[in-house]
Amino acid sequence: VQRMLEARQALGSNAKAQELRQNDLTLHTLPGTERVRAATWQTNEWAGLDAQGDVVVFERWGAVKPATLLAELPVEEYSRWNTYRYEAQAMVLDTLSRRARQVVCFVIVIDLGGMSIGHRKMIPYAKEFVGGDSTWVAPPMLSTTHFVRSGKIFANIYEVFGRLGILPARQ
């Protein structure tokens, strides 16, 4: 809890929440979303609900063009957008949980189709996605993560992430 409070203070989460409410921003209209998409990062923040009533988020990591991403979206800007994203997700889940009278979480589906060795350049973004400062601004909201359309390249990248301490090493 202390780390979350420190992250919220350092990243201005209360001001971001107020901005989201005052400007009627949604998960798809967050500040920075247009730049994130222009840099080829594809995400659908509300693809639907799973059988438990959790919100499904769909990410297309394999569709990212690493050179474009690096040229057009510095990791710091991605982190800023991710801070807005986590704040908005927390607000949505709080509302849904209260209405459903049960805890509602996010399920993330990450599509790796199209990944190549060039996607290793995304490691700083993946580190921010998994455990960067922006991920600490709200309580844990993730139910499960599913990787789809993965191949040998992903297995190698997953192994590198394991060595870097980002993900558990493959057993």
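Some ground rules before we start. The model is predicted, so to speak of local features we need pLDDT of at least 70, side-chain atom pairs count only at pLDDT 80 or more, and totals for chains, interfaces and linings use all residues. Residues are numbered from 1 along each chain as its sequence is written, and side-chain values use heavy atoms, with hydrogens and water left out.

Let's begin with the whole chain. The secondary structure comes to seven helices and four strands. Helices here are DSSP runs of H or I with at least four residues, strands are runs of E with at least two, and both are numbered from the N terminus. The order from the N terminus is α-α-α-β-β-α-α-β-α-β-α.

Now the overall dimensions. The C-alpha trace spans about 40 × 35 × 30 Å along its principal axes. The radius of gyration is 16 Å, which agrees with the value near 16 Å for a compact globule of 171 residues. That radius is taken over C-alpha atoms, and the globule rule is 2.2 Å times the number of residues to the power 0.38.

Buried residues make up 45% of the 171. Buried means under 20% relative accessible area, exposed means over 50%, and partly exposed is in between, with a 1.4 Å probe and protein chains only. Contact means heavy atoms within 4.5 Å. Of the contacts with a separation of 6 or more, 76% come from residues 24 or more positions apart.

On to strand S3, residues 106-111.

S3 has partners. Strand S2, residues 55-60, pairs with S3 in the parallel sense over six bridges. For pairing, DSSP must find at least two bridges between the strands. Valine 56 has valine 107 in S3 as its bridge partner. Strand S4, residues 142-148, also runs parallel to S3, joined by six bridges. There, isoleucine 110 has phenylalanine 147 as its bridge partner. From S3 the chain passes through helix H6, residues 123-131, to S4, in a right-handed β-α-β crossover. Right-handed means that, with the strands pointing away from the viewer, the path from the first strand over the helix to the second runs clockwise.

Now helix H5, residues 75-100. H5 has 26 residues and reaches 36 Å from first C-alpha to last, close to the expected 38 Å at 1.5 Å a residue. The expected span is 1.5 Å times one less than the number of residues. Arginine 101 follows H5, and its phi is positive, near 55 degrees.

Look at tyrosine 78, which lies in H5. Buried or exposed? Tyrosine 78 counts as buried, because its relative accessibility is 0%. Leaving out residues up to four places away in sequence, tyrosine 78 touches Trp41, Leu73, Arg85, Tyr125, Glu128 and Phe129.

Last topic: salt bridges. Side chains of opposite charge can pair when their charged atoms come close. The cut-off is a side-chain nitrogen of Lys or Arg within 4 Å of a carboxyl oxygen of Asp or Glu. A search of the whole structure finds seven. Here are three of them.

First on my list, glutamate 77 and arginine 35, at 2.4 Å, N to O. Glutamate 77 is in H5 and arginine 35 in helix H3, residues 33-38, so the pair ties together parts 42 residues apart in sequence. Glutamate 77 is partly exposed at 24%, and arginine 35 is partly exposed at 43%.

Then arginine 85 and glutamate 45, at 2.9 Å, N to O. Arginine 85 is in H5 and glutamate 45 in strand S1, residues 43-49, so this pair ties together parts 40 residues apart. Arginine 85 is buried at 3%, and glutamate 45 is buried at 1%.

Then arginine 149 and aspartate 111, at 2.9 Å, N to O. Arginine 149 sits in the loop between S4 and helix H7 (152-164), and aspartate 111 in S3, 38 residues apart. Arginine 149 is exposed at 54%, whereas aspartate 111 is buried at 6%.

One network to finish. Salt bridges that share partners join Glu45, Glu59 and Arg85.
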